[in-house]
Number of protein chains: 2
Amino acid sequence: MTYLESAVPLAPTQPEFELAHRTARLKSSLVRDILAAAAQPGMISFAGGLPAADLMPPLPLEAFANSALHQYGTSEGEPAYRSAVAEWIGSMGLEVSAEQVLALSGSQQGLDFAAKLFIDEDSPVLVEGPTYVAALQVFELFGADIASVPLTAEGPDLAAFEALLATRKPRCVYLIPCFQNPSGTCYSPAARAGIAELLDRYNVPLIEDEPYRSVALDVEHPMTPICALLHRASWIYLGSFSKILWPGLRIAYLAAHPALLPHLVRLKQAADLHTQRPGQAAVAHWLAGGTQASDLGKLCSGYRLRRNAMQAALARHFGDIADWQTPRGGLFFWLRLRGELSATRATLDKALAQGVAFMPGEAFFPDPLQGRQYLRLNYSRSTPEEMERGLATLAACIRGA
Amino acid sequence: MTYLESAVPLAPTQPEFELAHRTARLKSSLVRDILAAAAQPGMISFAGGLPAADLMPPLPLEAFANSALHQYGTSEGEPAYRSAVAEWIGSMGLEVSAEQVLALSGSQQGLDFAAKLFIDEDSPVLVEGPTYVAALQVFELFGADIASVPLTAEGPDLAAFEALLATRKPRCVYLIPCFQNPSGTCYSPAARAGIAELLDRYNVPLIEDEPYRSVALDVEHPMTPICALLHRASWIYLGSFSKILWPGLRIAYLAAHPALLPHLVRLKQAADLHTQRPGQAAVAHWLAGGTQASDLGKLCSGYRLRRNAMQAALARHFGDIADWQTPRGGLFFWLRLRGELSATRATLDKALAQGVAFMPGEAFFPDPLQGRQYLRLNYSRSTPEEMERGLATLAACIRGA
């Protein structure tokens with residue numbers, strides 16, 4: 001007898017069990033589907049966002065040998081890790097105390113906490129259009145009514161941003177100011193100052209997400225965190241080591257305005273008690289070790305070569321059909337197709353059938369129709385030869401569509 | 001200028017920012033407060049539930065040296081880990097496929113997912129009275145309307161259980177059938193069968209939480225998971241390695257009815273993308289290594305000695321003022337005080353002032369008043385001398401209250 005063929009009679013008053021309403025918003029992720037397809041043998045994949053493991057420093061195994069760290073730890077995180085992270089954030093221009101730092105099991109967890117903290121059913125939330133797919137996923141799960149502000153090359157359109165603050169009255173704003181995923185945009189100092197001034201004026205909390213900050217290939221101006229420019233508005237700053245050190249360990253952090261941190265610590269306790277301790281110790285060891293500058297220098301040199309190879313291959317195959325900014329950091333190219341050309345799921349199916357994976361733009365907008373002309377291409381995992389071959393195939397698919 | 005003294009004018013339409021309604025239910029945890037107090041130097045603590053780190057096997061460091069595991073992994077978990085866990089669960093009497101297993105970052109995470117899956121604001125939920133504090137915390141966070149079924153020495157009172165199913169129509173039932181925290185209750189085979197039959201009849205999903213199953217000191221009967229006895233009702237089975245192997249690594253799992261697993265995988269992805277990979281590999285290595293029986297034998301022998309020492313000291317100091325069952329597993333004694341005696345927060349404050357920490361019963365009931373006569377005492381972290389001295393002090397505090 002299987003679960004579906006049970007002969008046990010149901011109580012007449014309760015014929016079917018009921019799930020929470022939010023499960024209706026728990027959609028199958030386009031990204032998951034694509035990544036599963038992209039994992040097929042022989043596929044050239046520009047779809048994912050995996051960092052290059054060969055560019056990461058070695059893992060300090062002594063952190064795992066310390067049996068004191070095998071016992072339960074505190075929800076806030078390891079003291080040495082919190083201190084080292086506070087210093088690391090300070091070096092970016094955001095002064096925080098170790099007590100404002102909370103260890104996270106990956107920065108995705110910070111989005112879950114932000115959603116729990118700010119979002120009731122139908123709460124307005126403001127994001128960039130386009131934005132990070134898994135942020136949309138978790139905000140929608142909690143019932144957010146999401147609006148997006150258009151991005152220019154310098155950051156959000158400030159007039160549109162103010163209009164949305166005034167009319168939508170968002171519970172919070174979610175931004176990725178450094179090498180934004182997917183667009184690669186790095187906000188200018190003027191955009192950062194303008195956003196901060198508006199958030200203060202309208203007193204809207206900021207969730208600032210910075211996974212790509214350290215993958216900085218050609219930086220032309222300061223990248224002061226917007227959180228550091230706020231005087232009144234509340235804020236959560238999310239950072240991750242997963243693009244520079246061992247993403248499989250799931251070690252990240254948030255820092256928060258002192259008024260929000262006690263809530264976040266309780267959410268952490270309720271979510272998973274605490275983050276694994278040896279992984280925190282390994283990252284703290286790297287942060288204290290004095291090899292940061294050389295390790296990041298090597299990592300960025302490696303990424304720069306790959307980015308440049310991708311730029312050259314794109315110029316050959318997409319120069320007449322798309323426009324893009326060469327990304328100054330992060331892991332992605334973001335292309336806008338010209339004229340009537342589009343990169344939809346149908347285009348993706350065609351490309352997959354020919355052995356090439358990419359991410360259609362529709363995944364990155366609250367309203368998928370806004371994404372039809374766009375595609376995201378990861379450059380960190382392919383060889384120059386794969387780029388050449390894969391982009392030629394992909395361009396042909398798009399031209400033929 | 002501090003955050004509190006800002007001179008930036010607020011927009012008149014939005015004077016204060018707003019948090020989600022659920023944050024009003026994000027209470028300061030009594031347990032956290034007590035554990036902080038219990039961590040003072042010189043304190044004899046019966047308050048926490050830390051397993052004995054000296055009884056755990058050594059961590060296989062080779063799992064961490066494998067750099068393939070430093071890259072991002074899948075939300076479901078490592079294939080080797082899922083297979084090994086499916087076999088481990090099968091050995092308990094619950095047959096599942098590896099595809100039904102989801103790696104968790106600690107089994108607390110399974111409670112977060114269960115809450116997201118089943119609980120809307122005011123959804124009825126049924127738990128044991130008393131029950132696990134952090135389950136109450138996360139169910140309340142999501143707005144559950146929690147009712148509790150009284151426990152007998154054999155398990156829940158079945159007549160009360162059926163009445164609550166019929167009248168409350170709970171979205172789900174949360175049970176800890178093996179060496180329940182805090183009561184130590186181990187459900188009898190008859191209670192397990194009776195619960196399963198009622199859950200099937202009323203078609204109410206079960207969340208079965210089994211962190212203590214392997215800390216089995218004197219088992220007199222089979223402990224078949226109730227999930228294995230269900231024919232129709234849906235279920236989530238939660239298990240953890242944190243009481244037997246390296247809790248600081250945060251490696252646990254759930255297995256679920258096939259209809260629920262896709263939802264749970266998406267919730268996992270939205271919560272933290274995936275569980276740290278080297279930790280899964282380390283546990284899979286232990287599960288495949290052939291030392292399970294001897295390692296668990298040693299661990300349980302160590303716990304049995306401490307449990308017996310605690311029983312002897314309790315008999316000397318609490319024999320005339322309290323009643324209890326000697327626990328046959330798990331990490332706790334659960335005492336019911338006689339007559340008008342109580343163990344409230346005021347009693348706790350007195351005991352803390354004299355260097356002894358314990359957990360008052362009130363933390364473990366949805367209605368704290370039900371817990372006034374009870375206290376929970378952990379036996380796994382104190383020496384016989386500390387037990388003797390600490391329990392003498394605690395008994396005097398309670399008699400004097």
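Buried residues, meaning those under 20% relative accessible area with a 1.4 Å probe and protein chains only, make up 64% of the 401 residues in chain A. This is a predicted model, in which local features need pLDDT of at least 70, side-chain atom pairs count only at pLDDT 80 or more, and totals for chains, interfaces and linings use all residues. Residues are numbered from 1 along each chain as its sequence is written, and chains are lettered from A in the order in which they are written.

**Overall build of chain A**

- Along its principal axes, the C-alpha trace of chain A spans about 70 × 55 × 50 Å.
- Twelve helices and 14 strands make up the secondary structure of chain A, counted as DSSP runs (H or I, at least four residues, for helices; E, at least two, for strands).

**A closer look at K116(A)**

- You will find K116(A) in helix 4 of chain A, which covers residues 108–118.
- K116(A) counts as buried because its relative accessibility is 1%.
- The side chain of K116(A) makes a polar contact of 2.8 Å with that of D112(A) and one of 2.6 Å with that of D112(B); such a contact is a pair of N or O atoms within 3.5 Å, where within protein one must be able to donate a hydrogen and the other to accept it, and residues adjacent in sequence count only if both atoms are side-chain atoms.
- Leaving aside neighbours within four places in sequence, K116(A) is in contact with residues including F142(A), L267(A), K116(B) and F142(B), where contact means heavy atoms within 4.5 Å.

Conventions: Heavy atoms only, no water. Buried < 20%, exposed > 50% of the residue type's maximum accessible area, 1.4 Å probe, protein only.
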